[in-house]
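Work through the exercises below with the sequence and the model at hand. Try each task before you read its solution.

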Amino acid sequence: QVQLVESGGGLVQPGGSLRLSCAASGSIFSINAMGWYRQAPGKERELVATITNTGAPNYSDSVKDRFTISRDNAKNTVYLQMNSLKPEDTAVYYCNAVLRLTGWNIFAPYWGQGTQVTVSS
């Protein structure tokens, strides 16, 4: 019923930049918050950044001032601009959207399949 498709991951050198995109499609009535999480090998999934449907962002301390989250409500798409990347940013990045399906009365979280980001020289 709903698909969240991420793109933009890859290999980048320390200090470089990447831009992730995540497009939601399907029987969507409305989307509340959208965000990005990441999971490094051997670690738990952690919040990177979220953004409300009115555009208010929230960042983890580890990425503040380096990453920028944005969204295009007309395209049901969320972006993550990642600058000054560090090796410790290496992880699988997952898109998340809290949305309401057409014909449903509740909001629920949905996840993308993940995209690998590797920061290495």
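**Exercise 1: a charged residue inside**

Arg 38 lies in strand β4. (Strands are DSSP runs of E, at least two residues, and are numbered from the N terminus.) This is a predicted model, where local features need pLDDT of at least 70, side-chain atom pairs count only at pLDDT 80 or more, and totals for chains, interfaces and linings use all residues. Residues are numbered from 1 along each chain as its sequence is written, and side-chain values use heavy atoms, with hydrogens and water left out.

Task: decide whether Arg 38 is buried or exposed, then find its side-chain partners.

Solution. 
- Step 1. Check the area. Arg 38 has a relative accessible area of 6%, so it is buried. Buried means under 20%, exposed over 50%, and partly exposed in between, with a 1.4 Å probe and protein chains only.
- Step 2. Look for polar contacts. The Arg 38 side chain makes one with the side chain of Tyr 93, at 2.9 Å. Another, of 3.4 Å, joins the side chains of Arg 38 and Ser 62. (A polar contact is a pair of N or O atoms within 3.5 Å; within protein, one must be able to donate a hydrogen and the other to accept it, and residues adjacent in sequence count only if both atoms are side-chain atoms.)
- Step 3. Leaving aside neighbours within four places in sequence, Arg 38 is in contact with residues including Glu 44, Val 48, Phe 67, Glu 88 and Ala 91.

**Exercise 2: the salt bridges**

Task: state how many salt bridges the structure holds, and trace the network.

Solution. 
- Step 1. Recall the idea. Side chains of opposite charge can pair when their charged atoms come close. A salt bridge is a side-chain nitrogen of Lys or Arg within 4 Å of a carboxyl oxygen of Asp or Glu.
- Step 2. Count. The structure holds four salt bridges.
- Step 3. Start at Glu 46. Its side chain meets that of Arg 38 in a salt bridge of 2.7 Å, N to O. Glu 46 has a relative accessible area of 36%, so it is partly exposed.
- Step 4. Go on to Asp 89. It forms a salt bridge with Arg 38, and the closest N and O atoms are 2.9 Å apart. Asp 89 lies in the loop between β8 and β9 and Arg 38 in strand β4, so the pair ties together parts that are 51 residues apart in sequence. Both Asp 89 and Arg 38 are buried.
- Step 5. Arg 66 is buried because its relative accessible area is 10%. A polar contact of 2.8 Å joins the side chains of Arg 66 and Asp 89.
- Step 6. Salt bridges link Arg 38, Glu 46, Arg 66 and Asp 89.
- Step 7. Look at another pair. The side chains of Asp 61 and Lys 64 meet in a salt bridge of 3.3 Å, N to O. Asp 61 is exposed, with a relative accessible area of 67%. Lys 64 is partly exposed, at 41%.

**Exercise 3: the nonpolar core**

Task: find which residues have the most contacts inside the largest nonpolar core.

Solution. 
- Step 1. A nonpolar core is a set of buried Ala, Val, Leu, Ile, Met, Phe, Trp, Tyr and Cys residues joined through side-chain atoms within 4.5 Å.
- Step 2. Name them. The largest core has 31 residues, and Trp 36, Leu 80, Met 82 and Tyr 93 have the most contacts inside it.
- Step 3. β9 gives the most, with six residues.
- Step 4. Zoom in on Met 82. Apart from neighbours within four places in sequence, its contacts include Leu 18, Leu 20, Arg 66, Tyr 93 and Val 117.

**Exercise 4: sheet and hairpin**

Task: give the strand order of the open four-stranded sheet, then describe the β9-β10 hairpin.

Solution. 
- Step 1. Read the order. It is β1-β3-β8-β7, with antiparallel pairing. (Two strands pair if DSSP finds at least two bridges between them.)
- Step 2. Find the edges. These are β1 and β7, each pairing on one side only.
- Step 3. Take one pair. β1 and β3 share six bridges, and Val 5 has Ala 23 in β3 as its bridge partner.
- Step 4. Turn to the hairpin. Four bridges join β9 (residues 91-101) to β10 (residues 108-111), which run antiparallel. Ala 97 has Tyr 110 in β10 as its bridge partner. Six residues lie between the strands, and Gly 103 in the turn has a positive phi of about 90 degrees.

How values were computed
Contact = heavy atoms within 4.5 Å.
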